[in-house]
Amino acid sequence: MKTITKLRILYPAWIVISIFSLLYAPTLASESTLFKVGQLGQIVVQLFQIMIALLLYKLFMETDKEQASLIAIFGILGVPLSLMGILMPEALHLAEVFWGLWLIPIGTLVIRSGMFPKWIGYFLYIGSLGYFGATVSYFLIGSVPASVDIFTMGEVIWALWITFVGAREVRN
């Protein structure tokens with residue numbers, strides 16, 4: 001199965017499970033079954049994160065192996081902190097640093113590769129600022145304003161593009 005096809009399958013599952021486990025499940029009582037399913041969902045999301053990071057490395061390694069390596073490194077480094085967030089929610093704000101860092105090489109490679117519209121790469125850069133802003137906001141003021149969180153939509157645009165459009169063939 002081609003790399004892009006695998007990404008087109010993993011990204012939507014990753015998004016749906018992420019939304020459930022990070023937004024919906026934590027609002028429930030801590031002992032409820034649905035809350036526990038949400039925690040399990042966070043573990044599944046992190047397994048998907050590792051697979052997606054490695055698939056993006058494979059997709060972009062012909063464009064720039066160094067930048068592709070940064071995608072894999074930053075994508076995987078956030079996983080332990082995200083998993084710690086199941087027990088200690090503050091750890092998620094540390095993971096956001098890596099979520100922001102991994103969007104920078106993705107954005108760079110989206111722009112350089114010719115497989116995707118360049119504007120998506122610029123939205124990924126904006127998305128990285130959203131994650132950095134969320135971390136800074138949380139540690140300075142104790143919360144993350146919705147005006148900061150909205151910047152992370154750049155990553156959602158990327159995931160939707162991968163899912164519904166895919167990638168163009170690049171001719172050498």
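Student: Which helix does Thr3 lie in, and is Thr3 buried or exposed?
Tutor: Keep in mind that this is a predicted model. Thr3 is part of helix H1. Its relative accessible area is 12%, and buried means under 20%. So Thr3, in H1, counts as buried.

Student: Which residues is Thr3 in contact with, leaving aside its neighbours within four places in sequence?
Tutor: Let's set Gly133 aside to begin with: Thr3 and Gly133 are 32 Å apart in space, C-alpha to C-alpha, and 130 residues apart in sequence. Contact needs heavy atoms within 4.5 Å. Beyond its sequence neighbours, Thr3 is in contact with Leu55, Lys58 and Leu59.

Student: Where is Gln42 placed, and why does Gln42 count as buried?
Tutor: Gln42 sits in helix H2. Leaving aside neighbours within four places in sequence, Gln42 has contacts that include Ser21, Ser82 and Ile86. The cut-off for buried is under 20% relative accessible area. Gln42 counts as buried because its relative accessibility is 10%.

Student: How are H2 and H3 arranged, parallel or antiparallel?
Tutor: Good one to picture! The two axes come within 8 Å and cross at roughly 175 degrees. Among the residues making the contact are Gln42, Ile43 and Phe60 of H2, with Lys65, Ser82 and Leu83 of H3. Angles over 145 degrees count as roughly antiparallel, and therefore H2 and H3 are roughly antiparallel.

Student: Which residues touch the most other members of the largest nonpolar core?
Tutor: That core has 33 residues. The elements giving two or more residues to this core are H1, H2, H3, H4, H5 and H7. Tyr11 touches Ile52, Leu56, Trp102 and Trp158, among others, not counting residues up to four places away in sequence. The residues touching the most other members are Tyr11, Leu56, Phe60, Trp102 and Trp158.

Student: Why is H4 described as largely enclosed by the rest of the structure?
Tutor: H4 covers residues 90-113 and reaches 36 Å from its first C-alpha to its last, close to the 34 Å expected. Just after H4, Gly114 takes a positive phi of about 80 degrees. H4 is largely enclosed because its buried residues number 17 of 24.

Student: What share of residues 37-57 is helix?
Tutor: The unreviewed UniProt entry places a "transmembrane region" at several spans, including residues 37-57 and 69-88. Residues 69-88 are 80% helix and 0% strand, with end C-alpha atoms 29 Å apart. For residues 37-57, the end C-alpha atoms are 30 Å apart and strand is 0%. The helix share of residues 37-57 is 100%.

Definitions and conventions. Residues are numbered from 1 along each chain as its sequence is written. This is a predicted model: local features need pLDDT of at least 70, side-chain atom pairs count only at pLDDT 80 or more; totals for chains, interfaces and linings use all residues. Side-chain values use heavy atoms; hydrogens and water are left out. Helices (H or I, at least four residues) and strands (E, at least two) are DSSP runs, numbered from the N terminus. The expected span of a helix is 1.5 Å times one less than its number of residues. Buried means under 20% relative accessible area, exposed over 50%, partly exposed in between (1.4 Å probe, protein chains only). UniProt positions are given in the numbering used here, feature names are shortened, and annotations may be inferred rather than shown by experiment. A nonpolar core is a set of buried Ala, Val, Leu, Ile, Met, Phe, Trp, Tyr and Cys residues joined through side-chain atoms within 4.5 Å. Axes are lines fitted to C-alpha atoms, for helices over the stretch in contact, and angles run from 0 to 180 degrees between N-to-C directions. Angles under 35 degrees count as roughly parallel, over 145 as roughly antiparallel, 65 to 115 as roughly perpendicular and the rest as oblique.
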